[in-house]
Amino acid sequence: MLIERVRLRGVLDSRAQPTVEADLHLAGDESFGRGSCPVAIAPGRLERRRGLNTGDLGSLLDEGPAAHLVHAALHGRQVAGQRELDTVLRALDDEHALGADVTLALSLAFARAAARRSRLQLVDWLIQHNDGPPPQLPRLLVNTFSGGIHAQGPADSFQQIMAIPLGETLTDDIRMAMQVHSALARTLDNPRLSASSGFMVTDRSTRDQLTTLASVIQACGLDGQVASGVDVAAEHLSIDGGYRFEGATHTSADFGELLLSIVDDHGLAYVEDPFDPADTTAWRTFTPRLGTAGASTVGDDLFASDAQRIQPGLAHAALLKPSQAGTVSATLDAASEAAFAGLRTVVSHRSGETEDTAICDLAIAVGADHIKIGGPRRGDRITKYNRFLRLLESPPLAGLPRPPAHPKENQHVSCQ
């Protein structure tokens with residue numbers, strides 16, 4: 001495939017911060033693709049760096065060093081396919097610090113252009129390039145309360161508390177997500193949304209928030225049909241070998257016991273990043289105990305969507321963020337490595353999202369158990385809910401299987 005034209009531009013994410021969007025045209029029938037990269041509010045220390053400078057917006061980006069590198073490397077270049085293009089992008093990043101935001105935008109743009117050339121949807125193109133588990137329709141992780149780094153001051157609470165619909169169909173899950181989120185908004189006094197579309201509250205502890213969510217679920221008549229989970233984001237709570245949490249500092253062992261008591265008391269099904277990535281002893285101790293309790297441990301900053309960092313025994317599932325991986329191929333490699341290691345996958349948004357809906361196609365293509373796209377509020381999140389509704393109009397996709405509703409049915413990791 002011959003790359004005829006490439007353009008980079010600075011666009012705004014959901015927090016009105018600049019990020020990268022790329023357009024790519026293939027020669028011949030001029031197949032066109034566009035991709036953009038979301039932005040983390042506080043990137044993990046294991047993530048690949050961004051390349052865009054604050055203030056780079058619009059076509060002015062085409063006059064910068066990133067655009068000159070991209071033009072020189074890609075304009076008029078013949079590539080065999082997605083992996084060759086992504087290899088070129090990774091080499092540019094390694095040599096010139098191009099940035100994972102630039103490489104991902106270009107990689108997604110190429111994927112969409114190549115899919116269009118083959119008269120495929122993006123999801124079908126990704127399925128063809130996935131070497132991991134077969135496709136399935138993921139379950140939703142719906143952000144309800146935001147805290148941690150989204151709150152003011154040093155993080156000392158969970159980053160997210162989430163509702164997990166357990167419906168028969170993905171459409172059922174979306175309906176339940178809307179119902180719970182709307183009921184929660186009516187329950188809270190002066191609810192305020194964070195950038196990741198969860199409600200920010202300052203007058204309720206974590207346990208109070210979990211109790212409120214459970215009460216709302218019950219009031220909606222959805223008891224047993226909606227579970228709950230948390231994103232601890234412990235990398236941002238880590239301090240002097242321990243963890244800050246709601247005004248106190250805990251040792252690693254004590255923090256693990258505190259988390260297990262919260263899981264037991266509130267019936268949580270999902271716990272993401274309970275410890276700092278470097279605290280691997282805590283991960284190995286905690287994960288089998290959580291599995292016994294019927295919940296799943298999920299590694300985000302632990303693995304950083306990097307195939308080389310994924311290993312068995314630390315968690316039940318690996319979070320996939322394309323903006324961490326930097327290219328489509330690297331994201332698919334991380335998904336495949338997770339499956340090889342006996343881990344399930346969860347595809348995730350970032351705090352600063354764009355209108356790009358590629359993570360929906362990706363979650364289906366890699367057979368992810370869950371996807372985080374935020375609560376059903378704000379245009380950047382609604383586009384993703386709507387993407388699923390449109391994809392479900394395709395009979396082959398609508399007929400795909402779904403993950404088991406209850407974690408105990410899907411615990412297969414061997415914690416070594």
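**Figure 1. Cysteines without a bond.** The structure, a predicted model, holds zero disulfides, a disulfide being a pair of cysteine sulfur atoms within 2.5 Å. The sulfur of Cys360 has its closest cysteine sulfur in Cys37, 16 Å away, which is too far for a bond. Cys360 is buried, at a relative accessible area of 0%. Here buried means under 20% relative accessible area, exposed means over 50%, and partly exposed lies in between, as found with a 1.4 Å probe on protein chains only. Cys220 is buried as well, with a relative accessible area of 16%.

Because the model is predicted, local features need pLDDT of at least 70 and side-chain atom pairs count only at pLDDT 80 or more, while totals for chains, interfaces and linings use all residues. Residues are numbered from 1 along each chain as its sequence is written, and side-chain values use heavy atoms, with hydrogens and water left out.

Figure 2. A pair of aromatic rings is described by the distance of the centres and the angle of the planes. Rings of Phe, Tyr and Trp (its six-membered ring) pair if their centres lie within 6.5 Å; planes under 30 degrees apart count as stacked, over 60 as edge-to-face, and the rest as tilted. The structure holds seven aromatic pairs. In one of them, the ring centres of Phe158 and Phe245 are 5.1 Å apart and the planes stand at 35°, so the pair is tilted. Phe158 lies in the loop between strand S4 (139-146) and strand S5 (160-165), and Phe245 lies in strand S10 (residues 242-245), so the pair ties together parts that are 87 residues apart in sequence. Helices (H or I, at least four residues) and strands (E, at least two) are DSSP runs, numbered from the N terminus. Phe158 is buried, with a relative accessible area of 4%, and Phe245 is buried, with 6%.

Figure 3. Tyr243 is buried at 1% relative accessible area, and Phe255 is buried at 0%. What cluster do the ring pairs form? They link Phe158, Tyr243, Phe245, Phe255, Phe275, Trp283 and Phe286.

Figure 4. Strands of a sheet pair through backbone hydrogen bonds, either parallel or antiparallel. In this sheet the order is S9-S10-S11 and the pairing is antiparallel. Strand S9 (238-239) and strand S11 (248-250) stand at the edges with a single partner strand each, so one side of each is left without a neighbour in the sheet. Two strands pair if DSSP finds at least two bridges between them, and two bridges join S9 to S10. Ser238 stands opposite Tyr243 in S10.

**Figure 5. Thr19 and its surroundings.** Thr19 lies in strand S2 (residues 18-26) and is buried, at 0% relative accessibility. A polar atom of the Thr19 side chain lies 2.4 Å from the backbone oxygen of Cys37. Leu57 is 38 residues from Thr19 along the chain, and the C-alpha atoms of the two are separated by 8.0 Å.

**Figure 6. Helix H10 and its ends.** Among the buried residues of H10 are Val328, Leu332 and Ala338. Thr327 caps the N-terminal end of H10, with a side-chain oxygen 3.0 Å from the backbone nitrogen of Ala330. Just after H10, Gly342 takes a positive phi of about 85°.

**Figure 7. Two loop residues with positive phi.** Most residues other than glycine have a negative phi, and most peptide bonds are trans. Ala16 is not a glycine, yet has a positive phi of about 60°. Ala16 lies in the loop between strand S1 (3-12) and S2 and is exposed, at 51% relative accessibility. Arg119, also a residue other than glycine, has a positive phi near 60°. Arg119 is found in the loop between helix H3 (100-117) and helix H4 (122-129) and is exposed, with a relative accessible area of 80%.

How values were computed:
A polar contact is a pair of N or O atoms within 3.5 Å; within protein, one must be able to donate a hydrogen and the other to accept it, and residues adjacent in sequence count only if both atoms are side-chain atoms.
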